[in-house]
Amino acid sequence: MVIAPSQESDPMPTNNLDQLVDAAERIGVVGSPSSTSELALDILAGAVSKKLVGELALFRYYQDGLSHYALGQITEVKLRNVWHEDPTMRSLIRQRGRVDTVSERQDTHTGEMTISAVFSAESNGYRPSILGTVPATGTPIHLVNDAVLSELLSPYRDQLFYLGHVYGSKPLLPLWFKHFDTGPQGAGEAYHLGIFGKTGSGKSVLAKMILLAYARYPGMALLVIDPQGEFAKEARGEAVPGAFQLRMKEVLDRLGKPTNVHSVRNLVLDRWNLFEQILLESGFFQRLGVKAVENQRQAAEAISEQLQKDSVHLAELHKPESFDKAWGYLQEERIQVRFYGSKEARERVRQQMAGANQNDLYQTIWLPVTQLFREDRSGAQKVEQLLASLFNSDRNQRPLVVIDLSIEQATQTAASWNTLPLFGGDQSQPQSTPLFWNETIQALVIKRLLEGIRTAAEYAYRQSQGLNTLVLIDEAHRLAPREEPESEEKKAVRGILIDAARTTRKYGVGWLFISQTLSSLHREILEQLRILFFGFGLGMGAEFKTLSELVGGRSKALDLYQLFRDPHSSFDTESREYSFMTIGPVSPLSFAGTPLFFNAFSNADEFLRVNFSSVKSTMKLRGSINYLQVH
């Protein structure tokens, strides 16, 4: 891991922390009143004109006979001039504007520093500790730089990863993303993550950087369920709109991480109940005069059962002969009585079918629905096979799999699928048939994927194995809303996600939820998240109330969060800042869950240079793979 050099000219040797601290800029001293959770800073005259809010600071003190080093971020700076508070002086100031002997000269600046991590200096290095006492007033406080962090975190250097700089400052903020297995660099268990913020706050870019952090581990599998298609474009190596071009595929290739992108065009559905539900959703039965939803459901079940009895396979449903059989079933009295009891209703259906255009129904409804179950498409992959390959722990390099469920992919025509002709059509001319797709069908496919993940996880657990897998869910507020969904399909998806957040951690499956909102995501999922990132846009109303609860009511941290600027308020794209607050065990600088603040990288080259500029000796990469060099 390459640690960026200190921004200051520091001649001190990097193996001596005390010398590095002495050489770092001193901004103040410990003041009064202070406590073990929050310290008052008396800011030195030479530092009052510096930007201090958000800066990472450090002080040394002795505890139990050992040198200790406490770090934290400055959350607030206050100015006070007691003379300006005097009523007589205020009257004079009102007339003159200032009093030279008092104004400015008698100003005192104080700050507040929230301690996030403490290290003790021991014979075998620096170890985590706690602030068990309050250092004396006058204890010097220094700004932290990269050289100090490099020395302090030297035992953990191979584990560190960087998403950006300390909020409003130059040092890189060290983070760590551990795989979910035991052994070196492993957390020993899975955990769940969340990224929240308004559109344009940098959520997706941050999520892609985190995916690359986990992609460093050969034994860790990654699955992205992508309703919008953005992650799929990155994984394919396609250009994504925006100034931040991560070149994600190139990094994955250099890491030797197998990357597979599946869209709805080659994802094969493999359950009869899915066929019934999608046919029901398609409006097929409405065209035949079956109006009530319950009657339509009974008709779909009857057709499905009869096709299975006649040994018709799901993969054959798109064929004209399969449609002919279904059409024939619907005209039989024994089938009709299953969904309509009255003779008049059955007669109405027969008349409707007699006047219907059979070819048109096949082309516009039956074929777009049954394409989802075809196995002769280019690159076809059954859901069950896809998940089995993902969870195969015997592979030296487990893959990153992205499932693109976007409407863009579903509506592309399928001329390359060798679609069989319509009735009486020219055998030599393939047809261009889009898939039948909407939000409900998308929910059904996601439900099938989630059920498969849960089943695989439970099976692996019974075999005393952990899956060591991270599943990323984009647009999580749509899939697991706090309010009750309208459709049964969406209710089922929400229920599975809630259950997964509660139970799959012990199976070695962690989840990364990305959402534009906090208040509309189901509460039970929020409560299961271990590491959270909050971008711009959660500072008002119900969003801020939920944020306050998650952060534990730390008012100073929330005050600092509310200083975040909207990235799109910048004058140009180069000057945009994507600020985040994070809580949870994501950094060696946050032992007690204290919030940390950082500005995410706004330049892809810098991100790649810092994290992937050289080969780590501890990485078990396939062959002699070299990491990406960015010049």
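1. In strand β17, L512 is the bridge partner of L193. The model is a predicted one. The pair belongs to the contact between β10 (residues 193–196) and β17 (residues 509–515), two strands that run parallel and are joined by four bridges.

2. β17 also pairs with β16 (residues 469–473), again in the parallel sense, here over five bridges. One of the partner pairs is L470 with G510 of β17.

3. How much of β17 is buried? Seven of its seven residues are, so the strand is mostly covered. V509, W511, F513 and S515 point one way from β17, while G510, L512 and I514 point the other way. In a regular strand, side chains alternate between the two faces of the sheet. Both sets in β17 are buried.

4. β17 sits within an open sheet of eleven strands, whose order is β9-β8-β20-β19-β18-β10-β17-β16-β11-β15-β12. The pairing across this sheet is mixed. Which strands stand at the edges? They are β9 (172–176) and β12 (259–263); each has a single partner strand, so one side of each is left without a neighbour in the sheet. From one strand to the next, the twist averages 25°.

5. The largest pocket has a volume of about 870 Å³. Its lining counts 37 residues, and those closest to the pocket centre are G202, V205, E230, P241 and Y578.

6. Which element gives the largest share of that lining? It is α4, with six residues. At least two lining residues come from each of α4 (203–215), α5 (230–236), β19 (578–583) and α21 (604–612). β19 is also a strand of the eleven-stranded sheet, placed between β20 and β18 in the order.

7. Helix α9 (residues 320–331) can be checked for length. At 1.5 Å a residue, its twelve residues should span 16 Å, and the end C-alpha atoms are 17 Å apart, which agrees. The expected span is 1.5 Å times one less than the number of residues, because that is how it is defined.

8. Which residues of α9 are buried? They are P320, S322, F323, A326, W327, Y329 and L330. What do these buried residues pack against? Their partners are the helices α8 (293–309), α10 (333–339), α11 (343–355) and α12 (358–370).

Terms used: Residues are numbered from 1 along each chain as its sequence is written. This is a predicted model: local features need pLDDT of at least 70, side-chain atom pairs count only at pLDDT 80 or more; totals for chains, interfaces and linings use all residues. Side-chain values use heavy atoms; hydrogens and water are left out. Buried means under 20% relative accessible area, exposed over 50%, partly exposed in between (1.4 Å probe, protein chains only). Contact means heavy atoms within 4.5 Å. Two strands pair if DSSP finds at least two bridges between them. Axes are lines fitted to C-alpha atoms, for helices over the stretch in contact, and angles run from 0 to 180 degrees between N-to-C directions. On a 1 Å grid over the protein atoms alone, a cavity is a set of points where a 1.4 Å probe fits but cannot get out, and a pocket is an open set with protein on both sides within 12 Å along at least five of seven lines; lining residues have an atom within 4 Å of a point. Grid points are joined across faces, edges and corners, and a volume is the space filled by probe spheres set on the points.
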